[in-house]
Amino acid sequence: MDRLILIDSAMRLLTIGQLVLIALVIGRGRAPVRLRIATVALLFCICAYSMIATPIQLGTAGPVWAAIQLAAQATPMLLWVFAHLLFERPLDRRLVTGGAIIVVSCWIGFGVAGPVASNLGLWLGALQRGTSLAMVAHAMLIALGERGDDLIEKRRRLRVGFVVVVGVLAVMVMVIEMIFGFRHTSAIVTLPQAAAILIGTMALGSALLQSDPDILFAPVVTGDEPPAPSLSPSDHVLKQKLDAVMAGGIHREPGLSIGVLAERLGTPEHRLRALINQRLGYRNFSAFLNHHRIGDAKAMLADPAHVDLPILTIAMDLGYGSPAPFNRAFREDTGQAPSDFRRARIVRN
């Protein structure tokens, strides 16, 4: 048993060393600040979990250990936030606040409740693990559910790896916790867990660092036209065909996907992805569609002839299934609500 504990400890130290190195590289990189902060925080939380789940009996008193416990319990939430930022998905502040309240409340409650055998401890454990499973499942859904919208090939592959490595690993860890408890005492239980975390850390770190700057890249504002020398003759022809169908209003079709658009253009999907991403500068197909749709929306809202046309009708005519995504995209582009934009343009004219 002592040998198993030694192997377990060695793997956890290797994991922590890798996590610290990855955190230093990404923290000093040129990714968006929020993504860098979330990545470093997630890696720190995984380090904390590796420490707290060891079979070695460590000192469990004092503010430092309390902070380590809080970080370990916050790992699923940080994974959820990391998935949103990595895959460029907007974060709902209400959900972030709610998740943080649950994490902190359970952390405080565990300190008050003492042993998990108490009724309060059992309820807190169920709340914490249920919330954690929901966040991990949602992170996996984000990674796979929006893969078709992603135009960056390396990140499309990372989405699958994220689910297989990180998601499955997180679920496995939480299932072990449910069966054996949050703090394990047997190396027979912790050794496979330590090995899985080490392998997962190596895979995720390799994927993130090798894919920089394609994945960990600060998006820039795209222009309508790329520099002429960047287009090959075949790209130039494909772009002409793309411009023609976009001018014809194909972007207004509800549920338009890049696969459907590639089929209409008679070109392989990977070629169209490469053109829109590498030549036109868009990282997501939805951003490409929104560029054209919001451009049409601004023209309609500024036109006195359409002053009585409801904004909902405009949104539906432009291919949006509901007003919420239209309003969000419009605000991101103009900094104004559609109604405020219309009022400013019509009154000014």
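Is Val25 buried, exposed or partly exposed? I found Val25 partly exposed, because its relative accessibility is 43% (buried is under 20% relative accessible area, exposed over 50%, partly exposed in between, with a 1.4 Å probe and protein chains only).

Basis. I worked on a predicted model, in which local features need pLDDT of at least 70, side-chain atom pairs count only at pLDDT 80 or more, and totals for chains, interfaces and linings use all residues. Residues are numbered from 1 along each chain as its sequence is written, and side-chain values use heavy atoms, with hydrogens and water left out.

Salt bridges. I looked up the salt bridges (a side-chain nitrogen of Lys or Arg within 4 Å of a carboxyl oxygen of Asp or Glu) and noted 16 in the structure. Arg89 pairs with Glu146, the closest N and O atoms being 2.8 Å apart. Arg89 lies in the loop between H4 and H5 and Glu146 in the loop between H6 and helix H7 (153–180), so this bridge ties together parts 57 residues apart in sequence (helices are DSSP runs of H or I, at least four residues, numbered from the N terminus). Arg89 is partly exposed at 28% relative accessibility, and Glu146 is partly exposed with a relative accessible area of 28%.

I next examined Glu269 and Arg273, whose side chains meet in a salt bridge at 2.5 Å, N to O. They are 4 residues apart in helix H11 (residues 269–279), so about one helical turn separates them. Glu269 is partly exposed at 32%, whereas Arg273 is buried at 5% relative accessibility.

How values were computed:
Helix = DSSP H or I, 4+ residues; strand = E, 2+ residues; numbered from the N terminus.
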